[in-house]
Amino acid sequence: MPAPERVPEVGLSTGTDPGTGTAAPAVTPAAFDPRDIEALRHGELTVRGQIRDASNAVLLCESTHEGHTVVCVYKPVRGERPLWDFPDGTLAEREVAAYLVSEATGWGLVPPTVLRDGPYGEGMVQLWIDSADEDDPDDDDPAEDAGEGAGADEEAGGAGGAGALLALTEDLEPAPGWKAVVRAELDGGGTALLVHADDPRLRRLAVLDAVVNNADRKGGHLLVAADGRLYGIDHGVTFHTDDKLRTLLWGWAGEPLPVEAADMLRQLGADLSGPLGDRLAELLTPAETAALRARVDRLLATGVHPSPSGEWPAIPWPPV
(Lines give C-alpha, C1' and ligand atoms only; values in the text may rest on other atoms or scores of the structure.)
Protein backbone atom coordinates (compact mmCIF):
# COMPACT_ATOMS: atom_id res chain seq x y z
CA MET A 1 0.00 0.00 0.00
CA PRO A 2 1.71 3.28 -1.05
CA ALA A 3 2.36 5.62 1.85
CA PRO A 4 -0.01 8.38 0.64
CA GLU A 5 -2.91 5.91 0.65
CA ARG A 6 -2.29 4.51 4.15
CA VAL A 7 -4.94 4.85 6.79
CA PRO A 8 -3.34 6.87 9.63
CA GLU A 9 -2.59 4.87 12.77
CA VAL A 10 -4.40 6.21 15.81
CA GLY A 11 -5.55 5.03 19.19
CA LEU A 12 -8.95 3.49 19.70
CA SER A 13 -11.13 6.33 20.90
CA THR A 14 -14.64 5.19 19.99
CA GLY A 15 -16.64 2.02 20.25
CA THR A 16 -15.12 0.55 23.43
CA ASP A 17 -15.21 1.31 27.11
CA PRO A 18 -11.67 2.48 27.95
CA GLY A 19 -11.95 0.91 31.39
CA THR A 20 -13.01 -2.59 30.36
CA GLY A 21 -12.29 -2.80 26.66
CA THR A 22 -15.81 -4.15 26.08
CA ALA A 23 -17.97 -2.95 23.25
CA ALA A 24 -19.89 0.21 23.99
CA PRO A 25 -23.62 0.39 23.16
CA ALA A 26 -24.47 1.52 19.66
CA VAL A 27 -25.57 5.12 19.36
CA THR A 28 -29.29 5.66 18.82
CA PRO A 29 -30.00 6.90 15.26
CA ALA A 30 -30.65 10.61 14.94
CA ALA A 31 -34.19 11.91 14.55
CA PHE A 32 -33.79 14.58 11.91
CA ASP A 33 -35.87 17.73 11.92
CA PRO A 34 -38.83 17.15 9.57
CA ARG A 35 -38.14 20.62 8.16
CA ASP A 36 -34.75 19.35 7.01
CA ILE A 37 -36.39 16.58 5.00
CA GLU A 38 -38.92 18.96 3.48
CA ALA A 39 -36.12 21.35 2.53
CA LEU A 40 -34.24 18.50 0.84
CA ARG A 41 -37.33 17.49 -1.13
CA HIS A 42 -38.89 20.80 -2.00
CA GLY A 43 -36.42 23.60 -1.25
CA GLU A 44 -34.79 25.89 -3.76
CA LEU A 45 -31.28 24.56 -4.38
CA THR A 46 -28.47 27.11 -4.49
CA VAL A 47 -25.01 25.87 -5.45
CA ARG A 48 -22.31 27.17 -3.13
CA GLY A 49 -19.31 25.17 -4.32
CA GLN A 50 -17.99 21.94 -5.76
CA ILE A 51 -16.44 19.06 -3.83
CA ARG A 52 -12.86 18.91 -5.04
CA ASP A 53 -11.27 15.77 -6.48
CA ALA A 54 -14.51 13.75 -6.54
CA SER A 55 -14.81 11.14 -9.28
CA ASN A 56 -18.31 12.38 -10.16
CA ALA A 57 -19.86 15.85 -10.10
CA VAL A 58 -20.59 16.65 -6.43
CA LEU A 59 -21.94 20.09 -5.57
CA LEU A 60 -22.27 21.66 -2.14
CA CYS A 61 -25.63 23.41 -1.92
CA GLU A 62 -28.09 25.13 0.31
CA SER A 63 -31.77 24.24 0.04
CA THR A 64 -34.37 26.64 1.43
CA HIS A 65 -38.04 25.81 1.97
CA GLU A 66 -40.51 28.03 3.81
CA GLY A 67 -37.74 29.95 5.52
CA HIS A 68 -35.79 26.86 6.63
CA THR A 69 -32.35 26.28 5.08
CA VAL A 70 -30.19 23.16 5.13
CA VAL A 71 -26.74 22.43 3.73
CA CYS A 72 -26.69 19.46 1.38
CA VAL A 73 -24.78 17.62 -1.33
CA TYR A 74 -26.23 17.48 -4.85
CA LYS A 75 -24.99 14.90 -7.37
CA PRO A 76 -26.65 15.47 -10.76
CA VAL A 77 -27.12 12.38 -12.91
CA ARG A 78 -25.54 14.16 -15.87
CA GLY A 79 -22.33 14.45 -13.82
CA GLU A 80 -21.98 10.69 -13.26
CA ARG A 81 -18.94 9.09 -14.82
CA PRO A 82 -19.79 5.93 -16.82
CA LEU A 83 -18.79 2.63 -15.20
CA TRP A 84 -18.11 -0.63 -16.97
CA ASP A 85 -20.25 -2.74 -14.64
CA PHE A 86 -23.18 -0.47 -13.71
CA PRO A 87 -25.80 0.97 -16.07
CA ASP A 88 -25.20 4.62 -16.96
CA GLY A 89 -27.19 7.24 -15.12
CA THR A 90 -28.30 5.03 -12.20
CA LEU A 91 -25.96 5.99 -9.34
CA ALA A 92 -28.28 8.63 -7.88
CA GLU A 93 -31.15 6.17 -7.74
CA ARG A 94 -28.94 3.61 -5.99
CA GLU A 95 -27.96 6.18 -3.37
CA VAL A 96 -31.62 6.85 -2.62
CA ALA A 97 -32.34 3.11 -2.51
CA ALA A 98 -29.53 2.63 0.03
CA TYR A 99 -31.05 5.36 2.20
CA LEU A 100 -34.48 3.71 2.07
CA VAL A 101 -33.03 0.35 3.10
CA SER A 102 -31.02 2.00 5.87
CA GLU A 103 -34.18 3.62 7.21
CA ALA A 104 -35.99 0.29 7.08
CA THR A 105 -33.31 -1.27 9.29
CA GLY A 106 -34.06 1.29 11.99
CA TRP A 107 -30.34 2.00 12.33
CA GLY A 108 -30.25 5.33 10.48
CA LEU A 109 -26.81 4.79 8.95
CA VAL A 110 -27.28 6.86 5.78
CA PRO A 111 -28.02 10.61 5.89
CA PRO A 112 -31.44 11.66 4.54
CA THR A 113 -31.30 11.32 0.75
CA VAL A 114 -33.82 12.19 -1.96
CA LEU A 115 -34.06 12.11 -5.75
CA ARG A 116 -35.19 15.41 -7.24
CA ASP A 117 -34.61 18.05 -9.87
CA GLY A 118 -31.89 20.63 -9.35
CA PRO A 119 -30.02 23.35 -11.23
CA TYR A 120 -28.35 20.71 -13.44
CA GLY A 121 -31.25 18.31 -13.76
CA GLU A 122 -32.32 15.29 -11.75
CA GLY A 123 -29.92 14.07 -9.11
CA MET A 124 -29.36 12.82 -5.61
CA VAL A 125 -29.61 15.38 -2.79
CA GLN A 126 -28.29 14.36 0.63
CA LEU A 127 -28.17 16.19 3.93
CA TRP A 128 -24.68 17.41 4.82
CA ILE A 129 -23.25 15.79 7.97
CA ASP A 130 -20.56 17.63 9.92
CA SER A 131 -18.01 15.08 11.09
CA ALA A 132 -16.56 15.19 14.60
CA ASP A 133 -13.03 16.10 13.55
CA GLU A 134 -14.31 19.00 11.45
CA ASP A 135 -16.51 20.48 14.17
CA ASP A 136 -15.04 23.93 14.73
CA PRO A 137 -17.12 26.48 16.66
CA ASP A 138 -15.27 29.27 14.88
CA ASP A 139 -16.06 27.89 11.42
CA ASP A 140 -19.72 28.00 10.44
CA ASP A 141 -19.19 27.88 6.69
CA PRO A 142 -19.03 24.30 5.34
CA ALA A 143 -18.29 25.66 1.88
CA GLU A 144 -14.76 26.43 3.04
CA ASP A 145 -14.25 22.74 3.86
CA ALA A 146 -16.05 21.39 0.81
CA GLY A 147 -13.03 19.46 -0.41
CA GLU A 148 -12.21 17.90 2.93
CA GLY A 149 -14.96 15.76 4.31
CA ALA A 150 -18.56 15.29 5.21
CA GLY A 151 -20.72 14.38 2.27
CA ALA A 152 -17.75 14.26 -0.11
CA ASP A 153 -17.59 11.68 -2.86
CA GLU A 154 -15.03 8.87 -3.18
CA GLU A 155 -11.60 10.53 -3.37
CA ALA A 156 -12.90 13.81 -2.08
CA GLY A 157 -10.94 14.22 1.05
CA GLY A 158 -10.04 12.90 4.47
CA ALA A 159 -11.52 10.12 6.50
CA GLY A 160 -14.31 12.34 7.81
CA GLY A 161 -14.06 11.19 11.42
CA ALA A 162 -13.06 7.60 10.58
CA GLY A 163 -9.54 8.00 11.96
CA ALA A 164 -10.60 6.56 15.31
CA LEU A 165 -12.13 3.55 13.55
CA LEU A 166 -9.31 2.49 11.17
CA ALA A 167 -5.60 2.00 11.71
CA LEU A 168 -2.40 0.39 10.49
CA THR A 169 -0.29 -1.48 13.03
CA GLU A 170 3.01 -3.36 12.85
CA ASP A 171 1.67 -5.98 15.27
CA LEU A 172 0.98 -9.44 13.87
CA GLU A 173 -2.36 -9.62 15.66
CA PRO A 174 -4.93 -6.90 16.34
CA ALA A 175 -4.95 -5.35 19.79
CA PRO A 176 -8.01 -5.74 22.03
CA GLY A 177 -10.88 -3.70 20.62
CA TRP A 178 -9.68 -4.04 17.02
CA LYS A 179 -10.45 -6.48 14.19
CA ALA A 180 -7.97 -7.55 11.52
CA VAL A 181 -8.77 -6.83 7.87
CA VAL A 182 -5.69 -7.59 5.74
CA ARG A 183 -1.91 -7.45 5.69
CA ALA A 184 -0.75 -4.44 3.68
CA GLU A 185 2.53 -3.86 1.88
CA LEU A 186 4.27 -0.60 2.75
CA ASP A 187 6.81 1.47 0.86
CA GLY A 188 10.28 0.15 1.59
CA GLY A 189 9.22 -3.48 1.65
CA GLY A 190 7.63 -3.67 5.08
CA THR A 191 4.15 -4.87 5.97
CA ALA A 192 1.48 -3.69 8.36
CA LEU A 193 -1.86 -4.99 9.53
CA LEU A 194 -4.93 -2.99 8.52
CA VAL A 195 -7.47 -3.07 11.35
CA HIS A 196 -10.81 -1.52 12.17
CA ALA A 197 -12.44 -0.94 15.53
CA ASP A 198 -14.62 -3.68 17.00
CA ASP A 199 -17.38 -1.12 17.20
CA PRO A 200 -21.13 -1.89 17.16
CA ARG A 201 -21.78 1.08 14.87
CA LEU A 202 -19.32 -0.28 12.30
CA ARG A 203 -20.78 -3.75 12.67
CA ARG A 204 -24.23 -2.48 11.80
CA LEU A 205 -22.76 -0.76 8.75
CA ALA A 206 -21.03 -4.00 7.73
CA VAL A 207 -24.42 -5.74 7.81
CA LEU A 208 -26.05 -2.97 5.79
CA ASP A 209 -23.24 -3.14 3.21
CA ALA A 210 -23.78 -6.88 2.85
CA VAL A 211 -27.49 -6.29 2.28
CA VAL A 212 -27.06 -3.56 -0.35
CA ASN A 213 -24.00 -5.25 -1.90
CA ASN A 214 -21.77 -2.20 -1.49
CA ALA A 215 -18.88 -2.35 -3.95
CA ASP A 216 -16.98 0.59 -2.45
CA ARG A 217 -16.88 0.91 1.36
CA LYS A 218 -13.76 3.04 1.82
CA GLY A 219 -12.48 4.75 4.93
CA GLY A 220 -13.40 8.14 3.51
CA HIS A 221 -17.03 7.01 3.34
CA LEU A 222 -17.31 6.79 7.13
CA LEU A 223 -18.46 9.90 8.96
CA VAL A 224 -18.61 10.17 12.73
CA ALA A 225 -20.80 13.13 13.69
CA ALA A 226 -20.08 15.36 16.65
CA ASP A 227 -22.77 13.51 18.65
CA GLY A 228 -21.03 10.16 18.07
CA ARG A 229 -23.39 8.82 15.44
CA LEU A 230 -21.81 6.99 12.52
CA TYR A 231 -22.96 7.55 8.93
CA GLY A 232 -21.96 5.91 5.69
CA ILE A 233 -22.00 7.92 2.47
CA ASP A 234 -21.42 7.30 -1.26
CA HIS A 235 -23.67 4.38 -2.11
CA GLY A 236 -23.78 4.82 -5.87
CA VAL A 237 -22.24 1.41 -6.61
CA THR A 238 -24.68 -0.81 -4.75
CA PHE A 239 -27.46 -3.33 -5.50
CA HIS A 240 -25.63 -5.11 -8.32
CA THR A 241 -27.01 -8.55 -9.13
CA ASP A 242 -23.50 -10.06 -8.91
CA ASP A 243 -21.61 -10.36 -5.63
CA LYS A 244 -19.49 -7.20 -5.59
CA LEU A 245 -19.00 -6.55 -1.87
CA ARG A 246 -15.77 -4.57 -1.43
CA THR A 247 -15.14 -3.13 2.00
CA LEU A 248 -12.66 -2.34 4.75
CA LEU A 249 -15.06 -3.90 7.27
CA TRP A 250 -14.15 -7.58 6.88
CA GLY A 251 -13.18 -8.00 10.53
CA TRP A 252 -16.32 -9.96 11.42
CA ALA A 253 -16.23 -12.23 8.34
CA GLY A 254 -17.52 -15.69 9.24
CA GLU A 255 -18.65 -14.65 12.72
CA PRO A 256 -22.26 -15.13 13.83
CA LEU A 257 -24.53 -12.18 13.18
CA PRO A 258 -25.63 -10.29 16.31
CA VAL A 259 -29.16 -11.04 17.48
CA GLU A 260 -30.24 -7.50 16.58
CA ALA A 261 -29.00 -8.02 13.02
CA ALA A 262 -30.94 -11.27 12.60
CA ASP A 263 -34.08 -9.61 13.97
CA MET A 264 -33.58 -6.69 11.59
CA LEU A 265 -33.12 -8.98 8.58
CA ARG A 266 -36.35 -10.83 9.32
CA GLN A 267 -38.26 -7.56 9.48
CA LEU A 268 -36.50 -6.25 6.37
CA GLY A 269 -37.50 -9.36 4.46
CA ALA A 270 -41.12 -8.70 5.36
CA ASP A 271 -40.83 -5.01 4.46
CA LEU A 272 -39.48 -5.90 1.02
CA SER A 273 -42.82 -7.57 0.28
CA GLY A 274 -44.67 -4.36 1.12
CA PRO A 275 -44.29 -0.60 0.56
CA LEU A 276 -40.49 -0.71 0.78
CA GLY A 277 -40.37 -3.18 -2.10
CA ASP A 278 -42.74 -1.02 -4.10
CA ARG A 279 -40.59 2.07 -3.56
CA LEU A 280 -37.37 0.24 -4.43
CA ALA A 281 -39.00 -1.02 -7.63
CA GLU A 282 -39.07 2.61 -8.79
CA LEU A 283 -35.30 2.87 -8.33
CA LEU A 284 -33.90 -0.57 -9.16
CA THR A 285 -34.51 -3.21 -11.81
CA PRO A 286 -36.60 -6.31 -11.04
CA ALA A 287 -33.43 -8.41 -11.14
CA GLU A 288 -31.73 -6.09 -8.64
CA THR A 289 -34.64 -6.15 -6.20
CA ALA A 290 -34.79 -9.95 -6.50
CA ALA A 291 -31.05 -10.13 -5.75
CA LEU A 292 -31.59 -7.88 -2.72
CA ARG A 293 -34.25 -10.25 -1.34
CA ALA A 294 -31.93 -13.19 -2.01
CA ARG A 295 -29.10 -11.56 -0.06
CA VAL A 296 -31.37 -10.95 2.92
CA ASP A 297 -32.54 -14.57 2.80
CA ARG A 298 -28.96 -15.85 2.48
CA LEU A 299 -27.74 -13.81 5.46
CA LEU A 300 -30.60 -15.21 7.55
CA ALA A 301 -29.94 -18.76 6.36
CA THR A 302 -26.20 -18.69 7.06
CA GLY A 303 -26.48 -16.59 10.22
CA VAL A 304 -22.96 -15.21 9.76
CA HIS A 305 -21.23 -12.16 8.35
CA PRO A 306 -20.20 -12.85 4.74
CA SER A 307 -16.62 -13.62 3.76
CA PRO A 308 -14.84 -12.48 0.57
CA SER A 309 -16.03 -14.52 -2.38
CA GLY A 310 -12.69 -14.64 -4.18
CA GLU A 311 -14.43 -13.69 -7.42
CA TRP A 312 -14.08 -9.93 -6.90
CA PRO A 313 -11.40 -7.77 -5.22
CA ALA A 314 -12.35 -7.71 -1.53
CA ILE A 315 -10.69 -4.39 -0.63
CA PRO A 316 -11.57 -1.11 -2.41
CA TRP A 317 -8.76 0.95 -3.92
CA PRO A 318 -7.71 3.42 -2.79
CA PRO A 319 -8.88 2.36 0.69
CA VAL A 320 -9.54 5.91 1.92
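How many bridges join S2 to S3? Seven bridges join these two strands, which run antiparallel, where strands are DSSP runs of E with at least two residues, helices are DSSP runs of H or I with at least four, and both are numbered from the N terminus.

## Model and overall make-up

This is a predicted model, in which local features need pLDDT of at least 70 and side-chain atom pairs count only at pLDDT 80 or more, whereas totals for chains, interfaces and linings use all residues. Residues are numbered from 1 along each chain as its sequence is written, and side-chain values use heavy atoms, with hydrogens and water left out.

The protein has six helices and 10 strands, and 52% of its 320 residues count as buried, a term that means under 20% relative accessible area, with exposed meaning over 50% and partly exposed in between (1.4 Å probe, protein chains only). Among contacts between residues at least 6 apart in sequence, 70% join residues at least 24 apart, a contact being heavy atoms within 4.5 Å.

## The five-stranded sheet

Five strands form an open sheet in the order S1-S2-S3-S5-S4, with antiparallel pairing; two strands are said to pair if DSSP finds at least two bridges between them. S1 and strand S4 (113–118) stand at the edges, each with a single partner strand, so one side of each is left without a neighbour in the sheet. On average, and with direction ignored, neighbouring strands of this sheet are turned by 40° against each other, where axes are lines fitted to C-alpha atoms, for helices over the stretch in contact, and angles run from 0 to 180 degrees between N-to-C directions.

Strand S1 (residues 44–50) pairs with strand S2 (residues 59–65) in the antiparallel sense over six bridges, and Gln50 stands opposite Leu59 in S2. Between S2 and S3, the bridge partner of Glu62 is Val71 in S3, and these two strands form a hairpin with two residues between them, where Glu66 in the turn has a positive phi of about 50°. On to strand S5 (residues 121–127), S3 pairs in the antiparallel sense over five bridges, with Tyr74 opposite Val125 in S5.

Helix H1 (residues 34–42) lies across S1, S2, S3, S4 and S5, running at about 45° to S3. H2 also packs on the sheet, touching S3, S4 and S5, and its direction makes about 150° with that of S4.

His68 lies in strand S3 (residues 68–76) and counts as buried because its relative accessibility is 16%; leaving aside neighbours within four places in sequence, His68 is in contact with Asp33, Arg35, Asp36, Ala39 and Ser63. Val96, in helix H2 (residues 91–105), is likewise buried, at 2% relative accessibility. Not counting residues up to four places away in sequence, Val96 touches Thr113, Val114, Leu115, Met124, Arg279 and Leu283, and its C-alpha atom is separated by 10.0 Å from that of Pro111, 15 residues apart along the chain.

## The three-stranded sheet

A further open sheet, of three strands, has the order S6-S8-S7, with antiparallel pairing. Strand S6 (166–169) and strand S7 (178–185) stand at its edges, each with a single partner strand, so one side of each is left without a neighbour in the sheet. Neighbouring strands here are turned by 30° against each other on average, direction ignored. S7 is joined by seven bridges to strand S8 (residues 191–197), and the two run antiparallel; Thr191 in S8 is the bridge partner of Glu185.

Of the 13 residues of H3, 13 are buried, so the helix is largely enclosed by the rest of the structure. Just after H3, Asn213 takes a positive phi of about 60°, and Asn213 is also one of the residues in contact with Phe239, among them Arg94, Val101 and Leu284, when neighbours within four places in sequence are left aside.
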